[in-house]
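Here are my notes on the strand pairing and the aromatic contacts in this one. Have the model open while you read.

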Amino acid sequence: MSGYDMHIGKLISGRRDLEGKGGYILCTPDQTIVEIDSTSSINGMIVSAKDIGDALYEYCKSALDDYIAEGNNKDIYTFSIYTDTYHGSYIIYINNLEGLNQSVEEALGGSLRQEDDHDKLTREQLYYEFKYAEADYPFMYEKMPERLEKWLSIFWCISVEEPNYLEIDQNYLFEKTLFDSQLFLIAIDVIHRLQPDFQPLHRTDDFIAYVSAADGVGGDYLTTSQLIRKCISEEQLYKAMPEVKEKDEAFLTAINTVQQKSLREQVLHWVTVIEQGEFGKGSPHSFWKTDYEAYEQLIELGEQAIPYIQEQLEGTLHQGTTFILETTLRDLTEPSYWS
């Protein structure tokens, strides 16, 4: 289990606040990037989460308008904001059943041309494979409002620590919280803000609008385990993705089995899951979830699990596992954590 899984999972689930509140990142025309605690003595453009949210909303509205203008307002089943919180980028994806069938037919044609019949995919398999494969949609919208494009280009320079690529003619001050994966939270808020704008769409019964995570910042596992659930109801999620319901039920069964064990054995189980990583037995990844779920299960055991977690820390563990267990202990003993 990575420390990132735990850190981002806690943010999205609401188990921790954004880091960096009250601080700013200053970027100057002479290609300097520095942290500051106050904007009182600095002239320049302040970029806040609200600013980015308003621009992202405008971006999404433009995508919807363009999609409809192209004659696609029929059987729309998905709208997503593909979000890269490290490089600082948003891409809008929209698809309808016609676009999905187009992708399937094209892929099916390629499959039929293969010489080895064993490699052929059925229409049903291809339909499942392409339904939420954003990169394969016929429609991808990247025409950002100018200000959003500018801000995200500066965001990239800050995040990847490349000040030499700054091309600005005035000071920019970014709220520091933006670099604690706040782009996810902003996108989730925009999805909810867009609900009235989805009303004119000719949508399927299983239509979903959600935030998806780029590879490298959580990918599909973060999307299905947490992000999408902050955007739509569980009922709608299961209607759109019945296979996710199957995975959820299997995970709950696995948790119930673990809960039949003694408290010490439960702690040992989840520590082992963390220690063995993504491909270990019982990994949350096998249920299409991030490893944050193992941390969550330890937290749910409550304060009575503290001695057994401390006991595990006395052994030899990977550095990442030690970090996660130490964080778990701190969270379990922090009074404000449960308020």
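The points below go from strands to ring pairs to charges over rings.

1. A word on the basis first. This is a predicted model, where local features need pLDDT of at least 70, side-chain atom pairs count only at pLDDT 80 or more, and totals for chains, interfaces and linings use all residues. Residues are numbered from 1 along each chain as its sequence is written, and side-chain values use heavy atoms, with hydrogens and water left out.

2. Start with strand E7 (residues 172–175), which runs antiparallel to strand E1 (residues 24–27) and is joined to E1 by 4 bridges. Tyrosine 24 has glutamate 175 as its bridge partner in E7. Helices (H or I, at least four residues) and strands (E, at least two) are DSSP runs numbered from the N terminus, and two strands pair if DSSP finds at least two bridges between them.

3. E7 also pairs with strand E3 (residues 45–47), in the parallel sense and over 3 bridges. Here methionine 45 has tyrosine 172 as its bridge partner in E7.

4. On to the rings: the structure holds 13 aromatic pairs. Rings of Phe, Tyr and Trp (its six-membered ring) pair if their centres lie within 6.5 Å; planes under 30 degrees apart count as stacked, over 60 as edge-to-face and the rest as tilted. Tyrosine 67 and phenylalanine 139 make an edge-to-face pair, because their planes are at 70°, with the ring centres 4.8 Å apart. Tyrosine 67 is in helix H2 (residues 49–69) and phenylalanine 139 in strand E6 (residues 139–141), so this pair ties together parts 72 residues apart in sequence.

5. Tyrosine 67 counts as buried at 3% relative accessibility, and phenylalanine 139 counts as buried at 8%. (Buried means under 20% relative accessible area, exposed over 50%, partly exposed in between, with a 1.4 Å probe and protein chains only.) Ring pairs link Tyr67 and Phe139 with Tyr59 and Tyr141 into a cluster.

6. Have a look at phenylalanine 155 and phenylalanine 179 too: their planes are at 15° and their ring centres 4.4 Å apart, so the pair is stacked. Phenylalanine 155 lies in helix H5 (residues 146–159) and phenylalanine 179 in the loop between E7 and helix H6 (182–193), so parts 24 residues apart in sequence are tied together. Phenylalanine 155 is buried at 0% relative accessibility, whereas phenylalanine 179 is partly exposed at 25%.

7. Last, charges over rings. The charged end of lysine 131 sits over the ring of tyrosine 77, 5.7 Å from its centre. Arginine 203 lies over the face of phenylalanine 207, at 5.7 Å from the ring centre. The criterion is NZ of Lys or CZ of Arg within 6 Å of the ring centre and within 35 degrees of the ring normal.
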